[in-house]
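Work through the exercises below with the model open. Each task is followed by its solution.

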Amino acid sequence: MAKGKTLYHGLTSLLLVTMLAGCTAVSSSSVDAVKLVVQQHRDHSPTAAEVAARPYYQMEASTREGHAVLILGNIDGAREDWYGSHGVVVFLKHGQIVQTAGLSQNLDGLHQSPDNPFARGLQHLSGPLDYVRHEDWSPGYRYDVPVQARLVPAGTEQLTILGQTHTVLRVDEHLSAPAAHYRATNRYWVDPVDGFIWKSVQQVAPGLAITLVQLRPYRGKAS
């Protein structure tokens, strides 16, 4: 793990976390509890017992810079704000990363097509699907970059998280941005019933991918 670039170098951003019930500010005792979650999982993945012991929705995030247990801090319609420490925040919408903060490279914005396949649910894919989206990356002021995406169903797999095995559909997403000389592949492990994304490997920006694993998932109905 690279020194100075881990996802855990403090807890300043967790002071911004809000509780789901009414989005009120987190109490000092709650912040202390979240701090313990962060500190305990710097060097190993959490166990089922450790996750169950914390009254928060939790998601593990891993990059080449380190790994973290992120806490769900806010929900705004279909958008979920997942907080770590040192200013790290991952914003999800329908399981797709739409923005990040606090990483060495960040996705400042993802602008989906009007017919968003993630909003419809990846479980409905019956074959390859091509679409175009636009992304903003920093540093470097790379904004409104057109990204050609091709979603491809890759079959059924077994996915084990915290000792529980899920039968999921894997969907590969091949990305190409010729203007940025960028090619990459995202992967999603999708619940075949409701399209919930249990695990994903997603590109934040060229050269930086993040793996997300739902530990204690929030599965409320998104508007």
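**Exercise 1: ring pairs**

At 29% relative accessibility, Y57 counts as partly exposed (buried is under 20% relative accessible area, exposed over 50%, partly exposed in between; 1.4 Å probe, protein chains only). The model is predicted: local features need pLDDT of at least 70, side-chain atom pairs pLDDT 80 or more, while totals for chains, interfaces and linings use all residues. Residues are numbered from 1 along each chain as its sequence is written, and side-chain values use heavy atoms, without hydrogens or water.

Task: classify the pair formed by F196 and W198, and state whether each residue is buried or exposed.

Solution. 
1. Take the definition: rings of Phe, Tyr and Trp (its six-membered ring) pair if their centres lie within 6.5 Å; planes under 30 degrees apart are stacked, over 60 edge-to-face, the rest tilted.
2. The centres of F196 and W198 are 5.1 Å apart, with 80° between the planes. The pair is edge-to-face.
3. F196 is buried at 14%. W198 is buried at 8%.

**Exercise 2: charges over rings**

Solution. 
1. Apply the criterion: NZ of Lys or CZ of Arg within 6 Å of the ring centre and within 35 degrees of the ring normal.
2. R219 lies over F196, at 4.4 Å from the ring centre.
3. K199 lies over W189, at 5.1 Å.

**Exercise 3: contacts of L122**

Task: which residues does L122 contact, leaving aside neighbours within four places in sequence?

Solution. 
1. Count heavy atoms within 4.5 Å as contact.
2. L122 then touches P117, L151, V171, Y188, V190 and I197.
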